[in-house]
Every structure is written in structure tokens, then in C-alpha cells.
Amino acid sequence: MKQTQYFKSQVVYQIYPRSFCDSNGDGIGDIPGIISKLDYLKELGVGVIWLSPIYPSPNVDFGYDVSSYCEVSSDYGTLDDFKNLVLQSEKRGIKIVMDLVINHTSTKHRWFIESKKDNSPYRNYYFWRKGRNKNKKAPNNWQSMFSTSAWKYDDEADSWYLHLYSEEQADLNFNNPKVIEEVKNIITFWLDLGVYGFRLDVINNIFKSSLKNAKPSLSRRGKEYYANQDGCHKILQEFHDEIFSKRESMTVGECYMLSLQDAKKFTTNELDMVFQFDHMNVDKRSIPIFSKKFNPERFKNILFKWQKGIQWNANYLENHDQPRSVSHFGSKRYHDESAKCLAMLLLCLKGTPFIYQGEEIGMTNSEFNDIKEIKDISAIGVYKMLRKAHFGEKKALKIANNINRDHARTPMQWDNSINAGFTGGIPWIKVNPNYADINVMAENKNPDSVLSFYKELLLIKKENKVLIEGEFIPIHTSGSLISFARKNDEHEFQIVINLSEKNIKNPIFLRGEVLISNYLRNDYETVDSLLPFECALIKIR
Ligand code: GLC
Ligand code: CA
């Protein structure tokens, strides 16, 4: 077993390097830029940084199409810059976690290029198959996440290869022990450089137990043969036993299509934590035709189910694939109040909280008024599909924008100077025009800002172990009121959050010391109504 579990007492901050801070004016965020902001992160109270991919990549999916695993993309700097980042972070008590993208490589990866030759030792690194109908039709009916078929025909190989994501992301074959060995070497390479661990990209999909035709399904056709397979568990156990259990480390696996049961298995001698998506899909936004209005009560029930079901959750409300949480679950009218409610929820639930860059200042979704402004391959794919189906330009753009991952990828808003202080050049993606109001500099000066609320709450969390190790106890309420307690032998803290724009009658009268409240109250005993997006943390004992 591992000796310490540092990550349980820490807050993780996710950086999307391309959009965080540009040091050399080329419009792309980079490693020296990150280093220049370490003091900011230290002051915020961050203990671990998770970096979205910084490996060389053709950027079809901005780093999630890796063309070389043990190098740094020149967009972001050099391996020496990276070593310096590890060192400078360490000096500030911050550890670095990398993104491990092993379900697929870029089709520009050397292995893939070699694998096109029939007799190549890399042939079996991927899934090369002859098609049906004399090689004219894809080998099976599986669906890709970013396009239609999960197979692409290649002239040179005169065969088809599997790609669960874009055509430029070819799936690796984990039935081949050599692939598993390669991955172990990659993991060890980065750990030896002082990296603390990994976020493992779409990890519950890496093992394909068969390539049979799948049963009909509106989304992710084929999943019964690749999601949560026994073969996947076996590989993760191997990584755990041979590598991670022997070092102080942290692993968190990204798992779409995950039941509580699956999650329990993944977090027993395999991974430290998993990211599940039930709460992000509360409004079914991933399938636009089924999407519905956000319902806070349903949201609460999902979160509570996972709190009770899993020993240690990876809690998050945003990442580089999701809308901004204040736009998703909060309110435009009560921007600050709702951003603070979400902060309280994120930081007080049991588990390790993951803050996504900009969430701590309440960054919002953007407006993209022209398809040319959109960089996200999945949104562009949806737009093209709709246009093909004769949707008008406006309508197609609107639907594409609902799932557009660029909302989370606009540049970090540092100050109110041009381009939000992100770059001195031309930013690779449009800056959200609201940076004049929502930015780090302004919020740092304002003791009542979203950023100040995060800092204060993180300090309270650091000073009160009950918010880290305390048991999670749901408190029964209905409607938009979310309430729960955290309890250990010595202390009991209670959290109340009104996640709506309406006043809510307060059914629970809270007697105790108010540690923090977004309406700056210092007593809740006589409060009979919670105001729109009001939240408070109260020390009962
Ligand atoms: C994960 C990443 C996402 C990427 C996909 C394919 O879901 O978070 O950004 O597009 O995997 O690698
Ligand atoms: Ca740069």
C-alpha cells in the first residue's frame, strides 16, 4: 500500500496550458507562462496542478492527439522548461500531475506511420482490419465520438483502422503486451522526472474485448465491447501493482459511462480516484435532442448518490470539455452569488476538489457568432453534420455552441489590459469580452469577489480537518436547497446552499458560528428565508 495520500488533503488546479498564460507573445500559453503564475496558485491555496497535455501534437484535438509521449511540444517550451516547472512548483509545495492519453495516438505518431506496413513490428499496435463487402465497408458498425463511423480506410495499408475519437486519433491495441510495456515506460519516464501522477484520459475505454457488430444505440455504438471491460481492470491493476503502489503518487481516471459498481472496482487497487459524469449530464446536454432544463434537485441527488457510494470522490464542476459552471448551474443575474455557491459545493463535498482555471474568478461561457471562431473539433463536427442535414446556419451554430468545448478554453482573464493580460500577441482563440469585469487583478483587490471567497474557503478547509476527513451526511431538503453536514468525533459543520434565483423558506434553523456566508450574515438562527443563491458554512460544534 501507499505510504501517504497527500492528494486527500489538497486541492487540485487544472491548467489548460494553451489558454493559461503566454510568455513570448506567440498567442499560445506556455510553460514559462505557468511558472510566472505559480505564486498566484500558491496564494490561492493549490497543492497539485494537473496539466492538460503538453506533448508534441498536430493539435487536431489540442494535445489529446499525441505524436510523441516523452517530449514537450515546442508550442509550450522545452523539456528543460518542464523540469524547471517541477522544481519551481516543488519550492512552493505544489506537485505536478500530467495528462496520460493512451487510448489513442495521433496518426502522425511514428508508431502509427510504421504500422501501415503489413510486416511492421508496429502493425499490431493498432487495430488494422479488412472491411466488410470486399473491404468496401467498415469492419463493424461502431460509432466514433467525433464523427460517424469509428473506422477509417487507409490507402497505403489497404485496410481500416479503429478510432473511437477523430480520424486523426487511432486507438492503440491493448491486447498487445508490447503496447502495455510502452505505456509503462512512458509512465516511469515522467515519474522519474519528479511528476506526482496522472489524470488518465478516457481510461475505462482502453480495452476492446471484441470487434463484433454492436447493438443499436443513439450514442457511442460499440460501448458494450470497450467500456469498463475486465481487460481494462487487469491492465490498471498491473500499473498499480508494478508502478504506482511503489511510489508516492496520485492517479485519477476519466471514465465516461461509469456505474457506481464500476467505480468501486476502479478505485480498489487500480486508481486513486475516478471522474464520473452523471452530474455533468443532469441536463443531458451531451445529446442535444434530449437536453432539458437544469434541475438543481436532480443535480443534488446525483451528487449525493456518489458521495454516499464512493469512499473518496474526485469532485469537479468544470474542466476543458465542459461549459463554465456558473453558466451551466448558476445564474447570469446572480453571477457572483451563484459562483460562490458552486465554490462552496465543490470545496465542502467529501473528496479531492478539482478547480479548473478561471473557475475561481467565475469565468463564463463565451459567444461564438461565426463557425470560423470555433476551434473545437467536436463542435465543428456537429455543425458540419447539421449543415449537411440542411439546418440553417444560425440554428446549426446555436446547437454546436451548446456542446462547444471552447467555452472553457478561452484565455485566462488576468487583468483588464488588452487580451485580458493573457498574451502580448494575437490569442489563438477569442478572449471573452467580459474580461474587463471578470479578471484576477480586479478580484484580488475586492474582498467580496468570487476569488476572495475561494481563498477564504480554501483557508477554512486547510484549518479544519473535518472538511477533509469528516464523514459526509446528507440533510433531507427538497427543491433547490442543498444541505449536508461534515462530521468527525470533534466537530460538525453544516452547509446550506440555495441553488436558485428564488427565495427559499429555510426549513432548518442553524444554531452555530457562521464561518462564511456569501450574503455576509453572521447568524442563521433567525433567518427564515434564504435569498437567491445564498450559501453558508456553519460550525454546529
Ligand atoms: C477526453 C479529453 C478530451 C479529448 C478526449 C479524447 O475526454 O478530456 O478533451 O477530446 O478524451 O482524447
Ligand atoms: Ca507562447
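Which residue in S7 is the bridge partner of Trp128? In this predicted model, the partner is Tyr161. The pair belongs to the contact between strand S5, residues 128-129, and S7, where two bridges join the strands in antiparallel fashion.

Strand S7 also pairs with strand S6, which spans residues 151-154; this pairing is antiparallel too and has four bridges. Trp151 has Leu162 as its bridge partner in S7, and Asp154 stands opposite Ser159. S6 and S7 form a hairpin with four residues between the strands. In this hairpin, Asp158 takes a positive phi near 45 degrees.

Taken together, the strands make an open, antiparallel sheet of three, in the order S5-S7-S6. S5 and S6 are at the edges and each has a single partner strand, so one side of each lacks a neighbour in the sheet. Strands of a sheet pair through backbone hydrogen bonds.

The side chains of S7 can be considered next. The strand covers residues 159-162, and both of its faces are covered. Ser159 and Tyr161 are buried on one side, while Trp160 and Leu162 are buried on the other.

A separate topic is the surface. Leu218, Ile289 and Phe290 make a nonpolar patch of about 360 Å². Leu218 is located in the loop that runs between strand S9 (197-200) and helix H7 (223-226). Leu218 counts as exposed because its relative accessibility is 61%, where the cut-off for exposed is over 50%.

Technical notes
Residues are numbered from 1 along each chain as its sequence is written. Chains are lettered from A and ligands numbered from 1 in the order in which they are written. This is a predicted model: local features need pLDDT of at least 70, side-chain atom pairs count only at pLDDT 80 or more; totals for chains, interfaces and linings use all residues. Side-chain values use heavy atoms; hydrogens and water are left out. Patches are made of residues with over 30% relative accessible area and no salt bridge: like charges are joined within 9 Å, nonpolar side chains (Val, Leu, Ile, Met, Phe, Trp, Tyr) within 5 Å. Accessible areas come from the Shrake-Rupley method with a 1.4 Å probe; for residues, only the protein chains shown count as cover. A salt bridge is a side-chain nitrogen of Lys or Arg within 4 Å of a carboxyl oxygen of Asp or Glu. Buried means under 20% relative accessible area, exposed over 50%, partly exposed in between (1.4 Å probe, protein chains only). Two strands pair if DSSP finds at least two bridges between them.
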